[in-house]
Amino acid sequence: MSDELVPDPRQMRASDADREKVAQVLQQAHGEGRLDLHELDERLAAVYSAKTYGELVPLTADLGVPAPSVMPLPMTQNAPASRIGGTPGSTVSFAFWSGVERRGEWVVPPTHTAVAVMGGVELDLTRARFSQGETTINAYALMGAVEIIVPEDVTVRVSGIGFMGAFEDATHKGAPTIPGGPIVNITGFAMMGAVEVKRPKKKKLKGRSHDELEG
């Protein structure tokens, strides 16, 4: 109970000074040959668009250099681990000429299959729990769309294929695995349709409609 009352430092707003400190670390890493010019440009763009510490932490985590001292710890280990456990919900989300949404505090089973045939499926993991530490989501879109929203405190790995369609990973590539946190592997196939994996927009973190399909 007490853990729920502790603010997550990753959600705290970063200041201009914090962003400048991270930019300096990235420029130093480029000077040492840890980042090439393209990687530096990509990360600097992410720095100056970042709003919270949670968006800044992954940008220097893989460089082997000390993080700026103003930044909080990315997450206490028991916080992401608290997402794991519970009775698993449905293993299938199927939409045929229709739409299916799974949002809110549902429990994702070890394997979940999402199929959209001329319809749409949305899996929002922002407030979800996971029955096991590692989860596989199989996403299939045939002239339809599957959207999977994965929060920053969940490690995501995407390996799907698109044929006359798109299987898009819009998450920040290169983000480190979070110790003790859930891992979600997303695979599948999109044909004349689209599968999109992305992080939540900031407004989605503030609340959702209660009209949800529980798992």
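Predicted model: local features only at pLDDT ≥ 70, side-chain atom pairs only at ≥ 80, totals over all residues.

Reader: Then what makes β5 and β8 a pair, and in which sense do they run?

Author: Strand β5 (residues 120–124) and strand β8 (residues 145–149) share five bridges, and the cut-off is at least two, so they count as paired. The sense is parallel. Within that pairing, V121 sits opposite V146 in β8.

Reader: What order do the strands of the open sheet take?

Author: The order is β2-β5-β8-β13-β11, five strands with parallel pairing.

Reader: Why are β2 and β11 said to stand at the edges?

Author: β2 (99–102) and β11 (166–169) each have a single partner strand, so one side of each lacks a neighbour in the sheet. On average, neighbouring strands of this sheet are turned by 5 degrees against each other, direction ignored.

Reader: How do you know that F96 and W97 are an aromatic pair, and why is it called stacked?

Author: The ring centres of F96 and W97 are 5.9 Å apart, and the limit is within 6.5 Å, so they pair. Their planes make 10 degrees; under 30 degrees counts as stacked, so that's the label. The structure holds one aromatic pair.

Reader: Are those two residues buried or exposed, and why?

Author: F96 has 46% relative accessibility. Partly exposed lies between under 20% (buried) and over 50% (exposed), so F96 is partly exposed. W97 comes out at 63%, which is over 50%, so W97 is exposed.

Reader: What about the inside: which residues have the most contacts in the largest nonpolar core?

Author: They are V121, L125, V146, I148, V150 and I186, in a core of 25 residues. Strands β4 (111–117), β5, β7 (134–142), β8, β12 (183–191) and β13 (194–198) each supply at least two residues of this core. Apart from it lies another core, of 14 residues, including A14, V22, Y53 and L59.

Reader: Which residues does L125 touch?

Author: Leaving out residues up to four places away in sequence, L125 touches R83, W106, V108, F130, I137, I148, I149, V150, P151 and V184.

Reader: And how much of the chain counts as buried?

Author: Of its 215 residues, 44%. The chain exposes about 11200 Å², with carbon and sulfur atoms supplying 56% of it.

Methods
Residues numbered from 1 in each chain as written. Heavy atoms only, no water. Helix = DSSP H or I, 4+ residues; strand = E, 2+ residues; numbered from the N terminus. Axes fitted to C-alpha atoms, helices over the stretch in contact; angles between N-to-C directions. Buried < 20%, exposed > 50% of the residue type's maximum accessible area, 1.4 Å probe, protein only. Areas by Shrake-Rupley, 256 points an atom, 1.4 Å probe, with all protein chains shown as cover. Phe/Tyr/Trp six-rings, centres within 6.5 Å; stacked < 30°, edge-to-face > 60°. Core = buried A, V, L, I, M, F, W, Y, C linked by side-chain atoms within 4.5 Å. Contact = heavy atoms within 4.5 Å.
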